[in-house]
Each structure stands twice: as structure tokens, then as C-alpha cells.
Amino acid sequence: MPYVNIKITKEGVTKEQKDELIKRATQMLVDVLNKNPETTVVVIDEVETDNWGIGGIAVTERRKMSK
């Protein structure tokens, strides 16, 4: 049973976009590894930008600095 965990920042991703991520991640495992789509699990975690850091700085702050 393949398990895919997609982590993205929580910034207005639509249901349709999430559906597409799930569909394409599942299909990739079918195409590349010949996995059964019926047993493939895809989880999308949306993380607040305050909880996501790059280079020691939260994404929220990094974005403020780039404006």
C-alpha cells in the first residue's frame, strides 16, 4: 500500500487543486511502479506559513522581507 504525503503551505489551495494533486500522485505511482490505485493513499497536509521555516526564518517573515 503506497503512501504519499504532500505538504504545502496553507494559502488558499482550492478543493479542485487538491483533487488534482491526489489524482496525479496516484497515477504517477501506477505509471512508474505499477501500483494499484485502489490501495494508494495520498494525504495533503496544509501547514500555516508561521509553522514552515526556510533558512531559519518562518515563511511568513520571509515573505514580508521580500515585499
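Asn-5 has a relative accessible area of 32%, so Asn-5 counts as partly exposed. Here buried means under 20% relative accessible area, exposed means over 50%, and partly exposed lies in between, with a 1.4 Å probe and protein chains only. The model is a predicted one: local features need pLDDT of at least 70, side-chain atom pairs count only at pLDDT 80 or more, and totals for chains, interfaces and linings use all residues. Residues are numbered from 1 along each chain as its sequence is written, and side-chain values use heavy atoms, with hydrogens and water left out.

## Asn-5 and its surroundings

Asn-5 sits in strand β1. Leaving aside neighbours within four places in sequence, Asn-5 is in contact with Val-43 and Asp-45. Contact means heavy atoms within 4.5 Å. Lys-18 is 13 residues from Asn-5 along the chain, and their C-alpha atoms are separated by 12 Å.

## The overall build

The protein has two helices and four strands. From the N terminus on, the order is β-α-β-β-β-α. These elements are DSSP runs, numbered from the N terminus: helices are H or I with at least four residues, strands are E with at least two.

The C-alpha atoms fill a box of roughly 45 × 25 × 15 Å, taken along the principal axes. The radius of gyration is 15 Å, whereas a compact globule of 67 residues would have one near 11 Å. That radius is taken over C-alpha atoms, and the globule rule is 2.2 Å times the number of residues to the power 0.38.

Of the 67 residues, 21% count as buried. The accessible surface comes to about 5,200 Å², and 52% of this belongs to carbon and sulfur atoms. Accessible areas come from the Shrake-Rupley method with a 1.4 Å probe; for residues, only the protein chains shown count as cover. Now take the contacts between residues at least 6 apart in sequence. Of these, 60% join residues at least 24 apart.

## The core

Which residues make up the largest nonpolar core? There are six: Val-4, Ile-6, Ile-8, Ala-25, Leu-29 and Val-42. Strand β1 (3–9) and helix α1 each supply at least two residues of this core. The largest share, three residues, comes from β1. A nonpolar core is a set of buried Ala, Val, Leu, Ile, Met, Phe, Trp, Tyr and Cys residues joined through side-chain atoms within 4.5 Å.

Leu-29 touches Pro-2, Val-4, Asn-34, Lys-35 and Thr-40, not counting residues up to four places away in sequence.

## Salt bridges

Side chains of opposite charge can pair when their charged atoms come close. The whole structure holds seven salt bridges. A salt bridge is a side-chain nitrogen of Lys or Arg within 4 Å of a carboxyl oxygen of Asp or Glu. The table includes three of them.

| Pair | N to O distance |
|---|---|
| Lys-7 and Asp-45 | 3.1 Å |
| Asp-19 and Lys-15 | 2.8 Å |
| Glu-20 and Arg-24 | 2.7 Å |

Lys-7 forms a salt bridge with Asp-45. Lys-7 lies in strand β1 and Asp-45 in strand β2 (residues 41–47), so this pair ties together parts that are 38 residues apart in sequence. Lys-7 is partly exposed, with a relative accessible area of 47%. Asp-45 is partly exposed too, at 26%.

Asp-19 and Lys-15 both lie in helix α1. They are four residues apart, about one turn of the helix. Asp-19 is partly exposed at 37% relative accessible area, whereas Lys-15 is exposed at 56%.

Glu-20 and Arg-24 are four residues apart in helix α1, so about one helical turn separates them. Glu-20 is partly exposed, with 32% relative accessibility. Arg-24 is exposed, with 58%.

## A surface patch and a loop residue

Met-28 belongs to helix α1 (residues 15–33). Is Met-28 partly exposed or buried? Met-28 has 47% relative accessibility, so Met-28 counts as partly exposed. Together with Val-32 and Leu-33, Met-28 makes a nonpolar surface patch of about 310 Å². Patches are made of residues with over 30% relative accessible area and no salt bridge: like charges are joined within 9 Å, nonpolar side chains (Val, Leu, Ile, Met, Phe, Trp, Tyr) within 5 Å.

Asn-34 is placed in the loop between α1 and β2. At 69% relative accessibility, Asn-34 counts as exposed. Most residues other than glycine have a negative phi. Asn-34 is not a glycine, yet Asn-34 has a positive phi of about 60°.
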